[in-house]
Amino acid sequence: MNGNKQAAGVYSVPKQWAERAFIDAQRYEAMYAASIANPEEFWGEHGKRIHWIKPYSTVKNTSFESGKVSIRWFEDGTTNVSYNCIDRHLTERGDKFAIISVGDDPKDDARITYRELYAHVMKWANVLRSQGIGKGDKVTVYLPMIPELTYAMLACTRIGAIHSTLSTNCPPKVLASCIADAASTVVVTADSGTRGGRKLELKVKLDAALDKLPEVVTSVIVVKHTGAPVSMLKGRDHYYDELAETVPDQCPPEEMKAEDPLFVLYTSGSTGKPKGVVHTTGGYLVYTAMTHQYVFDYRDGDIHWCTAEISWITGHSYTVYGPLANGATTLIFEGTPTYPSMSRYWDIIDKHKVSLFYTAPTAIRSLMGSGEDAVKSNSLASLRLLGSVGEPIDPKTWDWYHRVVGGGRCPIVDTWFQTETGGILMTPLPGATELKPGSVGTPFFGVRPELVDAAGNVLDGVANGNLVIADSWPGQMRTLYRDHERFEQEYFSIYPDKYFTGDGARRDAGGHYSITGRIDDVINVSGHRIGTAEVESALVAHASVSEAAVVGYPHEIKGQGIYAYVTLIDGEAASDELRKELVSWVRKEIGPIFTIDKVQFAQGLPKTTSGKIIRRILRKIAEDKCTEFGDTSTLSNPAVVDHLIDNRLNRK
Ligand code: PRX
């Protein structure tokens, strides 16, 4: 991308990408128009990219009508996900690596071919069957980022079981509530794991969770991963290895209907109780495979590394299902970006010749703080495309990612999606879209975004509003597990007959979108709508700042004031001078209406187990209502909150 920078930080599509990528600008326009004009025909054609046991004759049968929401794709077709992710690759790619597994310890790595994956998954499927699991049964998977996690998930899909994969960060209370909600009879775990040199006591935490649920779980399957001794409850707990010795090697794939549930994924969100997002078989696989190919311009031979935990939707869709459906080599990493050194990600990229690298801005920011040298000791020559996901990427971080990690030559696809959307809904396409830091580009095929005002009026042209999607796409969630009413209420009743994303967005003259933050994160200061993400981007652009979160708090004159929590980069000291400097810096960067009223220096920010900042807690601290946090079961770092409360700036 050298030499392609245009005015005001916009990068045009490099010639070689426009010529070589699957989708160039013209093709995007034509395919997008076709996907909107005739979704049945478009998806009828693209649905064929996966193998169907019985081909579908109907394509789209969906309604967003309030009170009658129903989403069905390819509904009379039958297929099997594990067959698509494994068996159909065996003739041509049996000896190709499906998985590169990188351990927490840099000495540990392993490569698993498609043929080996096939054998493992069939064994796993039979082990699950031996524990009474069949079609429609629920299995909770609570494993570290090791190959067995993918084996267990794919084994569920092979026999038609529904998996619910939980993060290793989940404390026992959350584990218990998710296992109970899913009514899983079998839980898969490991003795323990290691992450960033620290031990993950998985079996111990699971035991604590199960103590609260004596009736539900009849079998716990334990992978011997670290070999640490753990307590095993007779009759309930079994080592995987021992069960595997007793079951057959072969397991044919179960024929599944397109709309049979594939998995439940609990999204912690940042409010209230976790909710179980349900995705189904056919549409989800078509959508994740297609987005994986086009968004990342995936080619045979690419080594694809998505750093997200597999227990996150990003990991489900872009570590496991999308890449494996396309016959790719996908990398799984057990550790953290900073262990044993700040160059861990870059060492892995060089060692395994990663070509497509997909991570979250928060990870980039944590590495940016330690400077460029940690990156530059590696060549990173294998990289050809970078991706960003999960939160708005501020221009300073984008620029560092592009320049230092991507060597100025790799496009960055800033992909916007949600647990609920299954796959990427908005993104630049590397051969078609000019890149602008903070912009998530244009909608993917078949996606109809609209911006609406608070009353639901559709806004045209350049606009700033609430982001809704006007029609269904195949990867969309179908319901909330055992709570279709809440599904209708939360997503389809606020703006009747439209899917409400909960996000605010801006659209520019070229039809490119930027996500301005969750609607509930918008502050109204003296009548001005302020997306907290804009203030955060400006703060993070300051050389001393590592991370920032901004919330509103009641202000006598302005209605709401701006309260900023700021963590500083290593070696930078908090001071009143710096506080004043940050306030004037933000005013200068984005304008005087963005005058921050309070800057609190923080050791860290409260985050969910999936790494999201819990703004609800920050809002309450800013309001001096520190006893009203509500449900904090998803909070991963309680000590940080104590520190924030002790040092809060608004005291009555
Ligand atoms: O607010 C948006 C933000 O993350 C939310 C979805 O979170 P989750 O369900 O955990 O899924 C995360 C993985 C996709 C969205 O509503 N978000 C996600 N991607 C972006 C983003 N915000 C800005 N830019 C993005 N690229």
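These entries go from the sheet to the residue and then to the domain.

I am reading a predicted model, where local features need pLDDT of at least 70, side-chain atom pairs count only at pLDDT 80 or more, and totals for chains, interfaces and linings use all residues. Residues are numbered from 1 along each chain as its sequence is written.

**Sheet.** I traced an open sheet of seven strands with mixed pairing, in the order S5-S4-S17-S16-S18-S19-S20. Its edge strands are S5 (109-113) and S20 (412-415), each pairing on one side only. Strands here are DSSP runs of E, at least two residues, and helices are runs of H or I, at least four, numbered from the N terminus. Two strands pair if DSSP finds at least two bridges between them. I then checked S16 (residues 303-306) and S17 (residues 329-333): they run parallel, joined by three bridges. Trp 305 has Leu 331 in S17 as its bridge partner.

**Residue.** Where is Val 187? I found Val 187 in strand S8 (residues 186-190). Val 187 is buried, because 28 other C-beta atoms lie within 10 Å; the cut-offs are 20 or more for buried, 12 or fewer for exposed and partly exposed in between, with C-beta atoms placed from the backbone. I also looked up Ser 164, 23 residues away along the chain: its C-alpha atom is 9.4 Å from that of Val 187.

The unreviewed UniProt entry places "domain: AMP-binding enzyme C-terminal" at residues 534-612. UniProt positions follow the numbering used here, feature names are shortened, and annotations may be inferred rather than shown by experiment. I noted 28% helix and 32% strand over residues 534-612, with the end C-alpha atoms 17 Å apart.
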